[in-house]
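Biologist: I'm new to this one. Please pick a single part and take me through it slowly.

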Amino acid sequence: MATAVLTPDQLDGQAARLHDTQAWQQIVTGWEHTAAEPTPALAPAPGPARVSDWRGMLSVPVDQLIDDTLRALPAPPPHERPLPGRLGAMLPDRVHLWRRVGQSDLRPSVHLGHARQILAAWGWQNTPYRLRNARGARCVCGAMISAHRLGYGSLDTVDRAGAWLITELRAQGWPGLIGPWNRHPGRTAADALALVDATIRRASLAGQ
(Lines give C-alpha, C1' and ligand atoms only; values in the text may rest on other atoms or scores of the structure.)
Protein backbone atom coordinates (compact mmCIF):
# COMPACT_ATOMS: atom_id res chain seq x y z
CA MET A 1 0.00 0.00 0.00
CA ALA A 2 1.55 3.30 -1.10
CA THR A 3 1.68 6.18 1.36
CA ALA A 4 3.23 9.62 1.33
CA VAL A 5 6.64 9.96 2.94
CA LEU A 6 6.85 13.08 5.07
CA THR A 7 9.92 14.70 6.54
CA PRO A 8 9.76 16.64 9.81
CA ASP A 9 9.97 19.93 7.90
CA GLN A 10 7.13 18.92 5.58
CA LEU A 11 4.89 18.02 8.50
CA ASP A 12 5.85 21.25 10.24
CA GLY A 13 5.03 23.23 7.11
CA GLN A 14 1.68 21.54 6.50
CA ALA A 15 0.61 21.96 10.12
CA ALA A 16 1.71 25.61 10.13
CA ARG A 17 -0.20 26.35 6.92
CA LEU A 18 -3.33 24.74 8.37
CA HIS A 19 -2.88 26.58 11.67
CA ASP A 20 -2.62 29.92 9.86
CA THR A 21 -5.80 29.54 7.81
CA GLN A 22 -8.81 31.66 8.69
CA ALA A 23 -10.98 28.55 9.07
CA TRP A 24 -8.61 27.07 11.66
CA GLN A 25 -8.43 30.34 13.59
CA GLN A 26 -12.23 30.38 13.76
CA ILE A 27 -12.13 26.85 15.16
CA VAL A 28 -9.60 27.55 17.91
CA THR A 29 -10.58 31.12 18.82
CA GLY A 30 -12.49 30.98 22.08
CA TRP A 31 -12.19 27.21 22.33
CA GLU A 32 -12.27 27.50 26.12
CA HIS A 33 -15.73 29.08 25.95
CA THR A 34 -17.70 26.80 23.66
CA ALA A 35 -20.62 26.25 26.02
CA ALA A 36 -23.79 28.24 25.42
CA GLU A 37 -24.61 31.14 27.72
CA PRO A 38 -26.55 30.02 30.82
CA THR A 39 -30.28 30.60 30.65
CA PRO A 40 -32.02 32.25 33.62
CA ALA A 41 -33.41 29.78 36.07
CA LEU A 42 -37.19 29.49 36.08
CA ALA A 43 -38.96 30.47 39.26
CA PRO A 44 -40.45 27.39 40.95
CA ALA A 45 -44.21 27.13 41.03
CA PRO A 46 -45.80 27.93 44.38
CA GLY A 47 -46.62 25.04 46.60
CA PRO A 48 -44.76 22.40 48.60
CA ALA A 49 -41.35 21.39 47.27
CA ARG A 50 -41.20 18.10 45.44
CA VAL A 51 -38.29 15.82 44.64
CA SER A 52 -38.62 16.61 40.93
CA ASP A 53 -38.23 20.35 41.55
CA TRP A 54 -34.42 20.08 41.69
CA ARG A 55 -34.26 20.61 37.93
CA GLY A 56 -35.71 24.08 38.39
CA MET A 57 -32.69 25.00 40.51
CA LEU A 58 -30.29 24.51 37.60
CA SER A 59 -29.17 27.45 35.48
CA VAL A 60 -28.63 25.24 32.40
CA PRO A 61 -30.49 22.19 31.07
CA VAL A 62 -29.41 18.81 32.37
CA ASP A 63 -28.58 17.59 28.85
CA GLN A 64 -26.21 20.52 28.41
CA LEU A 65 -24.52 19.78 31.75
CA ILE A 66 -23.95 16.18 30.68
CA ASP A 67 -22.66 17.25 27.26
CA ASP A 68 -20.27 19.83 28.77
CA THR A 69 -18.97 17.27 31.27
CA LEU A 70 -18.32 14.70 28.55
CA ARG A 71 -16.54 17.29 26.40
CA ALA A 72 -14.29 18.20 29.31
CA LEU A 73 -13.09 14.63 29.72
CA PRO A 74 -9.72 13.86 28.11
CA ALA A 75 -9.59 11.54 25.15
CA PRO A 76 -9.62 7.94 26.39
CA PRO A 77 -6.29 6.18 26.12
CA PRO A 78 -6.08 4.04 23.00
CA HIS A 79 -6.87 0.35 23.51
CA GLU A 80 -6.02 -0.95 20.06
CA ARG A 81 -3.31 -3.42 19.13
CA PRO A 82 -0.14 -3.00 21.18
CA LEU A 83 2.85 -1.32 19.64
CA PRO A 84 5.53 -3.49 18.07
CA GLY A 85 8.45 -4.09 20.42
CA ARG A 86 11.94 -2.62 20.33
CA LEU A 87 12.82 -4.47 17.12
CA GLY A 88 9.65 -3.12 15.51
CA ALA A 89 10.66 0.39 16.52
CA MET A 90 13.95 0.01 14.67
CA LEU A 91 12.39 -1.32 11.45
CA PRO A 92 11.32 1.08 8.67
CA ASP A 93 7.76 2.31 9.12
CA ARG A 94 6.76 0.86 5.73
CA VAL A 95 7.08 -2.61 7.27
CA HIS A 96 4.08 -1.79 9.47
CA LEU A 97 1.78 -0.51 6.71
CA TRP A 98 -0.32 -3.69 6.86
CA ARG A 99 -1.64 -2.46 10.20
CA ARG A 100 -3.55 0.29 8.38
CA VAL A 101 -5.87 -2.24 6.71
CA GLY A 102 -9.42 -1.83 8.00
CA GLN A 103 -8.57 0.99 10.40
CA SER A 104 -11.03 3.89 10.61
CA ASP A 105 -9.97 7.51 11.01
CA LEU A 106 -9.51 9.09 14.43
CA ARG A 107 -9.88 12.42 16.16
CA PRO A 108 -6.62 14.40 16.39
CA SER A 109 -6.55 13.98 20.19
CA VAL A 110 -6.76 10.18 19.87
CA HIS A 111 -4.07 10.18 17.18
CA LEU A 112 -1.86 12.20 19.55
CA GLY A 113 -2.54 9.62 22.26
CA HIS A 114 -0.98 6.97 20.02
CA ALA A 115 1.93 9.29 19.21
CA ARG A 116 2.47 9.72 22.94
CA GLN A 117 2.56 5.94 23.37
CA ILE A 118 5.26 5.78 20.71
CA LEU A 119 7.34 8.45 22.46
CA ALA A 120 6.96 6.71 25.81
CA ALA A 121 7.60 3.16 24.57
CA TRP A 122 10.16 3.73 21.80
CA GLY A 123 11.85 6.83 23.17
CA TRP A 124 12.25 10.48 22.23
CA GLN A 125 15.14 11.98 20.27
CA ASN A 126 16.09 15.44 18.97
CA THR A 127 18.55 14.79 16.15
CA PRO A 128 18.15 17.75 13.73
CA TYR A 129 15.99 16.99 10.68
CA ARG A 130 15.60 13.31 11.56
CA LEU A 131 12.31 11.55 12.32
CA ARG A 132 14.12 8.82 14.27
CA ASN A 133 17.52 7.64 15.37
CA ALA A 134 19.25 4.28 14.99
CA ARG A 135 17.63 2.93 18.18
CA GLY A 136 14.13 3.70 16.87
CA ALA A 137 13.44 6.70 19.11
CA ARG A 138 11.28 9.37 17.47
CA CYS A 139 11.00 13.13 17.58
CA VAL A 140 7.52 14.56 18.17
CA CYS A 141 6.82 14.80 14.42
CA GLY A 142 8.29 11.35 13.89
CA ALA A 143 5.97 9.87 16.51
CA MET A 144 2.96 11.41 14.78
CA ILE A 145 3.99 10.07 11.38
CA SER A 146 4.75 6.63 12.83
CA ALA A 147 1.31 6.60 14.48
CA HIS A 148 -0.23 7.28 11.07
CA ARG A 149 1.76 4.49 9.42
CA LEU A 150 0.77 2.10 12.19
CA GLY A 151 -2.86 2.72 11.24
CA TYR A 152 -3.85 5.47 13.67
CA GLY A 153 -5.32 8.32 11.67
CA SER A 154 -5.15 9.63 8.12
CA LEU A 155 -2.62 12.14 6.82
CA ASP A 156 -5.31 14.81 7.19
CA THR A 157 -5.60 13.84 10.86
CA VAL A 158 -1.81 14.11 11.21
CA ASP A 159 -1.99 17.64 9.78
CA ARG A 160 -4.80 18.63 12.15
CA ALA A 161 -2.96 17.11 15.11
CA GLY A 162 0.11 19.12 14.09
CA ALA A 163 -2.01 22.27 13.94
CA TRP A 164 -3.24 21.59 17.49
CA LEU A 165 0.39 21.16 18.57
CA ILE A 166 1.26 24.52 17.05
CA THR A 167 -1.78 26.07 18.74
CA GLU A 168 -0.52 24.74 22.08
CA LEU A 169 3.01 25.98 21.36
CA ARG A 170 1.64 29.45 20.60
CA ALA A 171 -0.28 29.39 23.89
CA GLN A 172 2.98 28.53 25.67
CA GLY A 173 4.79 31.40 23.97
CA TRP A 174 6.77 29.46 21.35
CA PRO A 175 6.58 31.38 18.03
CA GLY A 176 8.24 28.78 15.80
CA LEU A 177 7.44 25.33 14.43
CA ILE A 178 7.43 21.92 16.08
CA GLY A 179 10.82 20.79 14.75
CA PRO A 180 12.85 23.71 16.14
CA TRP A 181 11.01 23.31 19.46
CA ASN A 182 11.88 19.59 19.53
CA ARG A 183 15.61 20.17 18.95
CA HIS A 184 15.94 23.32 21.07
CA PRO A 185 18.94 23.07 23.47
CA GLY A 186 17.93 21.69 26.84
CA ARG A 187 14.74 20.05 25.58
CA THR A 188 13.94 16.75 27.31
CA ALA A 189 11.72 13.74 26.75
CA ALA A 190 9.60 14.91 29.69
CA ASP A 191 9.07 18.23 27.88
CA ALA A 192 7.93 16.41 24.75
CA LEU A 193 5.47 14.22 26.64
CA ALA A 194 4.13 17.25 28.55
CA LEU A 195 3.58 19.13 25.28
CA VAL A 196 1.67 16.21 23.76
CA ASP A 197 -0.40 15.81 26.95
CA ALA A 198 -1.31 19.51 26.95
CA THR A 199 -2.24 19.35 23.27
CA ILE A 200 -4.41 16.28 23.84
CA ARG A 201 -6.29 18.15 26.58
CA ARG A 202 -6.70 21.23 24.39
CA ALA A 203 -7.98 19.27 21.39
CA SER A 204 -10.26 17.11 23.56
CA LEU A 205 -11.88 20.15 25.15
CA ALA A 206 -12.62 21.45 21.66
CA GLY A 207 -14.24 18.14 20.70
CA GLN A 208 -11.31 17.16 18.51
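Modeller: A helix here is a DSSP run of H or I, at least four residues, numbered from the N terminus. This is a predicted model, where local features need pLDDT of at least 70, side-chain atom pairs need 80 or more, and totals for chains, interfaces and linings use all residues. Residues count from 1 along each chain as its sequence is written, and side-chain values use heavy atoms, without hydrogens or water.

The buried set in α6 runs through Val140, Cys141, Gly142, Ala143, Met144, Ile145, Ser146, Ala147, His148 and Arg149. After the helix comes Gly151, with a positive phi near 105°.

Now for its partner, helix α7 (residues 155-171): the two axes (lines fitted to C-alpha atoms over the stretch in contact) come within 10 Å and cross at roughly 155°. That makes α6 roughly antiparallel (over 145 degrees) to α7. On the α6 side, Val140, Met144 and His148 meet Leu155, Val158, Ala161, Gly162 and Leu165 of α7 (heavy atoms within 4.5 Å).

Val140 and Met144 turn up again in the largest nonpolar core, a set of 33 residues, where they are among those with the most contacts, alongside Leu112, Leu165, Ile178 and Trp181. Elements giving two or more residues to this core include α6, α7, α1 (8-19) and α5 (108-122).

Note on methods:
Buried < 20%, exposed > 50% of the residue type's maximum accessible area, 1.4 Å probe, protein only. Axes fitted to C-alpha atoms, helices over the stretch in contact; angles between N-to-C directions. Parallel < 35°, antiparallel > 145°, perpendicular 65-115°, else oblique. Core = buried A, V, L, I, M, F, W, Y, C linked by side-chain atoms within 4.5 Å.
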